[in-house]
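My notes follow in the order I looked things up.

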Amino acid sequence: MYKFKTSKYKNALPKVPKKEGWILDISVGSPQSHGNHIKASAVHMVFNCDARGGGSLGVLSLDASGRIPKGTPMLHCHSEQVTDFDFSRFDDGLLATGSQDCMIKLWRIPENGLRENVSNPELLLPIQTRRIENVVFHPTADHLLSTSSGSNSTVWNLLENCSLWEFGDHDGQVLNMSWKEDGSMLATIARDKKLRVLDPRSNCCAQITAGHQNPKDGRVVWIGSTDRILTSGFDSSHQRQICLRDVRNFAQPLKLLSPDTATGILIPLFDSDTSMLFLAGKADSSVIFLEVSDSDPYITEASRYTFEQIGRASCRERV
């Protein structure tokens, strides 16, 4: 599959802490949503907790380790399960959350962490008619937040607490969304098996093409500031797929791969500084390291790493 090129990262391996550096005794539950269930800024990590019906989030510093005492302060965010959340790129303590209770809230996490349970948000956006599925901050404007609810994608102006732009022409639930690095375009993947590129400034859907054949689940990530988009999903035989496309020839994939036959969705995490793509599957115990390049073969496997435990979520730490 990758025989025509050897990646310069072929010897790349994660730095796994010893057991004394692990974080123990946290109850994450089994949240059922299309979110990643864990996010990190340059200061904090936040994750779903099995408490209050899934409406709470745990908050720890990035250097936390050892057993976490019972009664550690949490964010009591929503009355129902928190489906997705995201940190602002401009503020390591600003967190946006969405939930099955159809609410979108903004929270302030102090630099030194929580000292008590927090249940009062900084801001509550207008309540939606369906549960919130995705929450993604804009990459270049600190006052913009994008969310999805049902078949609608919305860009919010946080300064005015109002909707700035809305796209409601998906023919199914929006599964995932990703901004281009320069903030000009928003890619969405939906249960109607379509991949779209939305242009909020022109108030239109700029591109649309057929995506993965199975609408079970899907992920999309924009490859930095390039014209390429990578999606993760399933084919008609329920095999996992990743697909790389160029928006300048959107209908024709640059690369289509089926890494394995496991059942969990592959979560793509892209690092624009190294052009490395990390694929971590839900219920998997391994992570695939890939290199993304500008020319054929476009995607080259660097290495794989197998952990002792099965994974439920993954995220990148922002530095």
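**Entry 1: overall build**

I started with the radius of gyration. The protein has 319 residues, and a compact globule of that length would come out near 20 Å. I get 19 Å for the protein, so the value agrees with a compact globule. I kept in mind that this is a predicted model.

Next I took the box along the principal axes. The C-alpha atoms fill roughly 55 × 50 × 35 Å.

Then I asked what secondary structure the protein has. The tally is zero helices and 26 strands.

I checked burial too. Buried residues are 53% of the 319. For the accessible surface I noted about 14,900 Å². Carbon and sulfur atoms hold 47% of that surface.

Contacts came last in this entry. I took those with a separation of 6 or more, and 48% of them join residues 24 or more positions apart.

**Entry 2: the cavity**

The largest cavity holds about 50 Å³.

I listed its lining. Leu175, Ile189, Ala190, Lys193, Lys194, His212, Asn214, Pro215, Asp217 and Gly218 line the largest cavity. I sorted them by class and got four nonpolar, three polar and three charged residues.

Which strands each supply at least two residues of this lining? They are β16 (186-190) and β19 (214-222). Strand β19 has the largest share, with four residues.

**Entry 3: the second largest pocket**

I moved on to open space. The second largest pocket has a volume of about 270 Å³. I found 17 lining residues, and the closest to the pocket centre are Asp25, Ser27, Cys49, Pro69 and Met74.

By class, I noted ten nonpolar, four polar and three charged residues in the lining of this pocket. Strand β4 (residues 56-61) gives the most to the lining, with three residues.

Lys193, already noted in the lining of the largest cavity, has a positive phi of about 65 degrees although it is not a glycine. I placed Lys193 in the loop between β16 and β17 (194-199). Is Lys193 buried, partly exposed or exposed? Its relative accessible area is 38%, so Lys193 is partly exposed.

Asn203 also has a positive phi without being a glycine, at about 55 degrees. I found Asn203 in the loop between β17 and β18 (204-210). Its relative accessible area is 55%, so Asn203 counts as exposed; the cut-off for that class is over 50%.

I also looked at peptide bonds. The one from Asp296 to Pro297 is cis, with omega near 15 degrees. Pro297 sits in the loop between β25 (286-292) and β26 (299-306).

**Entry 4: Ile242**

I picked a strand residue. Ile242 belongs to strand β21 (residues 240-246). Is Ile242 buried or exposed? I read 1% relative accessibility, so Ile242 counts as buried; the cut-off for buried is under 20%.

I then listed its contacts, leaving out residues up to four places away in sequence. Ile242 touches His212, Thr231, Ser232, Lys255, Leu256, Leu257, Leu266, Leu279, Leu290 and Ile299. His212 is also part of the lining of the largest cavity.

I took one distance here. Ile242 and Leu279 are 37 residues apart in sequence, and their C-alpha atoms are 9.5 Å apart.

**Entry 5: two loop residues**

Where does Pro31 lie? I found Pro31 in the loop between β1 (23-24) and β2 (38-40). Not counting residues up to four places away in sequence, Pro31 touches His37, Asn48 and Gln81. I took a distance to Glu181 as well: Pro31 and Glu181 are 150 residues apart in sequence and 29 Å apart, C-alpha to C-alpha.

My last stop was Thr261, in the loop between β22 (255-257) and β23 (266-271). I read 57% relative accessibility, so Thr261 counts as exposed. Its C-alpha atom is 9.5 Å from that of Phe234, 27 residues away along the chain.

Conventions
Residues numbered from 1 in each chain as written. Predicted model: local features only at pLDDT ≥ 70, side-chain atom pairs only at ≥ 80, totals over all residues. Heavy atoms only, no water. 1 Å grid on protein atoms, 1.4 Å probe; cavity = no way out; pocket = protein on both sides within 12 Å on 5 of 7 lines; lining within 4 Å. Points joined across faces, edges and corners; volume = space filled by probe spheres on them. Nonpolar A, V, L, I, M, F, W, Y, C, P; charged D, E, K, R; others polar. Rg over C-alpha atoms; globule rule 2.2 N^0.38 Å. Buried < 20%, exposed > 50% of the residue type's maximum accessible area, 1.4 Å probe, protein only. Contact = heavy atoms within 4.5 Å. Areas by Shrake-Rupley, 256 points an atom, 1.4 Å probe, with all protein chains shown as cover.
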